[in-house]
Amino acid sequence: MNEKKIELAKDPDLAASRVAIRRAAKRAAQVALGTNTELVVLRDGQCVRVKPGGKPKPR
């Protein structure tokens, strides 16, 4: 596995990908909050449903 930081990649799209993913996750949480739905996220190798601002529910 490559140990270099992704922000140092030569490809500008790859270098900015982490910021874009975080921005997308934040927007997904906003939409979930507005529509009263849960997010499905991976935590400790397990898929869990999470209410934005709430505690995870194991699946």
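Analyst: A place to start is the strand pairing, where V40 stands opposite R49 in strand 2. Note that this is a predicted model.

User: How do you know that strand 1 and strand 2 pair, and which way do they run?

Analyst: Pairing takes at least two bridges. Five bridges join strand 1 to strand 2, and the two run antiparallel. The requirement is at least two, so they count as paired. They form a hairpin with two residues between them, and D44 in the turn has a positive phi of about 55 degrees.

User: What makes E38 and R49 a salt bridge?

Analyst: The N to O distance between their side chains is 4.0 Å. The cut-off is within 4 Å, for a nitrogen of Lys or Arg and a carboxyl oxygen of Asp or Glu, so the pair qualifies. E38 lies in the loop between helix 2 and strand 1 (39–43), while R49 is in strand 2 (residues 46–50), 11 residues apart.

User: Why is E38 called partly exposed?

Analyst: Its relative accessibility is 27%. Buried means under 20% and exposed over 50%, so E38 falls in between. R49 gets the same label because its relative accessible area is 34%.

User: Which residue forms a salt bridge with E7?

Analyst: The partner of E7 is R18, with the closest N and O atoms 3.6 Å apart. That is within 4 Å, so this pair meets the rule as well. E7 sits in the segment before helix 1 (12–15) and R18 in helix 2 (residues 17–35); 11 residues separate them. By this rule the count comes to two salt bridges.

User: Are E7 and R18 buried, exposed or partly exposed, and why?

Analyst: E7 has 39% relative accessibility, so it counts as partly exposed. R18 is partly exposed too, because its relative accessible area is 42%. Across the 59 residues of the protein chain, 8% count as buried.

User: How do you know that the length of helix 2 agrees with its residue count?

Analyst: Helix 2 has 19 residues, which at 1.5 Å a residue should span 27 Å. The end C-alpha atoms of helix 2 are 27 Å apart, so the two values agree. Just after helix 2, N36 takes a positive phi of about 55 degrees.

User: What is the order of the elements from the N terminus on?

Analyst: The order is α-α-β-β-β, from two helices and three strands.

Methods. Residues numbered from 1 in each chain as written. Predicted model: local features only at pLDDT ≥ 70, side-chain atom pairs only at ≥ 80, totals over all residues. Heavy atoms only, no water. Helix = DSSP H or I, 4+ residues; strand = E, 2+ residues; numbered from the N terminus. Buried < 20%, exposed > 50% of the residue type's maximum accessible area, 1.4 Å probe, protein only. Expected span 1.5 Å × (residues − 1).
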